[in-house]
Amino acid sequence: DKTKNKIIIDSNQVRGEESTARVFIHEAIHSITKRELDKYYDADGLVLSENAPAHVKALDSVWQAFKQSLPVETLTRVQENKSNFKNKLPHTLTAEDLDMAYGAMDIFEFVSVAMESPVFQTEMSKQPFNETQSIWEKFKEVIIKILSSLNPEITKGSIAEASLSEI
């Protein structure tokens with residue numbers, strides 16, 4: 001619940017304590033990263049402020065690398081249909097567009113889909129970010145940096161860091 005700054009978990013949607021814990025951690029990370037990104041992106045999640053800190057700029061570079069990995073026609077189709085899709089109006093997005101390219105719509109959708117979709121994560125794992133990391137590996141690294149910048153208790157090798165690696 002955004003208005004009350006609460007995470008509400010429907011017990012009918014999770015199975016067992018471990019599942020509940022995973023859902024809670026996932027939603028907490030999503031909430032924290034969204035709040036941090038809201039400070040530095042325009043309302044549409046497309047334009048990054050010049051005064052953004054390094055960890056937010058790093059996430060933007062991961063998102064840009066992801067968009068560059070998509071076929072140009074797919075990215076064009078997603079951008080042309082973004083408004084209709086978000087407003088639940090007729091659109092021409094294919095199932096593949098929705099599986100893979102939806103995260104290209106804006107930084108907020110990118111983070112959300114990257115954290116929620118195993119298909120998306122697998123595809124990001126196949127795409128190189130640089131010579132030593134995939135886009136997925138870099139994404140996880142940057143999310144940990146964002147959370148660490150907000151909470152210095154999350155240090156390399158800690159249990160908190162290990163749990164974040166499970167995103």
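**A chat about a predicted helical model**

Guide: In this predicted model, the side chains of Glu141 and Lys145 meet in a salt bridge, with 3.6 Å from N to O.

Visitor: Is Lys145 buried, exposed or partly exposed?

Guide: Lys145 is partly exposed, because its relative accessible area is 43%. Glu141 also counts as partly exposed, at 26% relative accessibility.

Visitor: Which residues are linked with Glu141 in a network of salt bridges?

Guide: Lys138, Glu141 and Lys145 form that network. The side chains of Glu141 and Lys138 meet at 2.8 Å, N to O. Those two residues are three apart in helix α7, which covers residues 135–150, so about one helical turn lies between them.

Visitor: And Lys138, buried or exposed?

Guide: Lys138 counts as buried, because its relative accessibility is 13% and the cut-off for buried is under 20%.

Visitor: Why can such side chains pair at all?

Guide: Side chains of opposite charge can pair when their charged atoms come close.

Visitor: How many salt bridges does the structure hold?

Guide: The structure holds five salt bridges. One of the salt bridges joins the side chains of Lys34 and Asp38, at 2.7 Å from N to O.

Visitor: Where do Lys34 and Asp38 sit?

Guide: Both are in helix α1, residues 16–38, and they are four residues apart, so the separation is about one helical turn. Lys34 is partly exposed, at 28% relative accessibility, and Asp38 is partly exposed as well, at 40%.

Visitor: Changing topic: what elements does the chain have?

Guide: The chain has eight helices and zero strands. Read from the N terminus, the order is α-α-α-α-α-α-α-α.

Visitor: What share of the residues is buried?

Guide: Of the 167 residues in the chain, 39% are buried. The chain exposes about 10000 Å², and carbon and sulfur atoms supply 52% of that area.

Visitor: Among contacts between residues at least 6 apart in sequence, what share joins residues at least 24 apart?

Guide: That share is 48%.

Visitor: Now the packing. How do helix α2 and helix α5 pack?

Guide: Helix α2 (residues 54–69) and helix α5 (residues 107–116) pack at an angle of about 85°, and their axes are 11 Å apart. That makes α2 roughly perpendicular to α5, because angles of 65 to 115 degrees fall in that class.

Visitor: Which residues meet there?

Guide: From α2, Leu59, Val62, Trp63 and Phe66 meet Ile107, Phe110 and Val111 of α5. The residues of this contact divide into seven nonpolar, no polar and no charged.

Visitor: What about α5 and α6, at what angle do they pack?

Guide: α5 and helix α6 (residues 118–126) pack at about 100°, with axes 6 Å apart. The two helices are therefore roughly perpendicular to each other.

Visitor: And which residues make that contact?

Guide: On the α5 side, Phe110, Val113, Ala114, Met115 and Glu116 take part, and on the α6 side, Pro118, Phe120, Gln121 and Met124. The contact of α5 with α6 divides into seven nonpolar residues, one polar and one charged.

Visitor: One more residue: where is His55, and is it buried or exposed?

Guide: His55 is in helix α2. His55 counts as buried, because its relative accessibility is 16%.

Visitor: What does His55 touch, leaving aside residues up to four places away in sequence?

Guide: His55 touches Glu36, Val142, Lys145, Ile146 and Ser149.

Visitor: Last one. Is Lys126 buried or exposed?

Guide: Lys126 lies in helix α6 and is exposed, with a relative accessible area of 57%. Lys126 and Trp136 are ten residues apart in sequence and 8.2 Å apart in space, C-alpha to C-alpha.

Terms used:
Residues numbered from 1 in each chain as written. Predicted model: local features only at pLDDT ≥ 70, side-chain atom pairs only at ≥ 80, totals over all residues. Heavy atoms only, no water. Buried < 20%, exposed > 50% of the residue type's maximum accessible area, 1.4 Å probe, protein only. Contact = heavy atoms within 4.5 Å. Areas by Shrake-Rupley, 256 points an atom, 1.4 Å probe, with all protein chains shown as cover. Salt bridge = Lys/Arg side-chain N within 4 Å of Asp/Glu carboxyl O. Axes fitted to C-alpha atoms, helices over the stretch in contact; angles between N-to-C directions. Parallel < 35°, antiparallel > 145°, perpendicular 65-115°, else oblique. Nonpolar A, V, L, I, M, F, W, Y, C, P; charged D, E, K, R; others polar.
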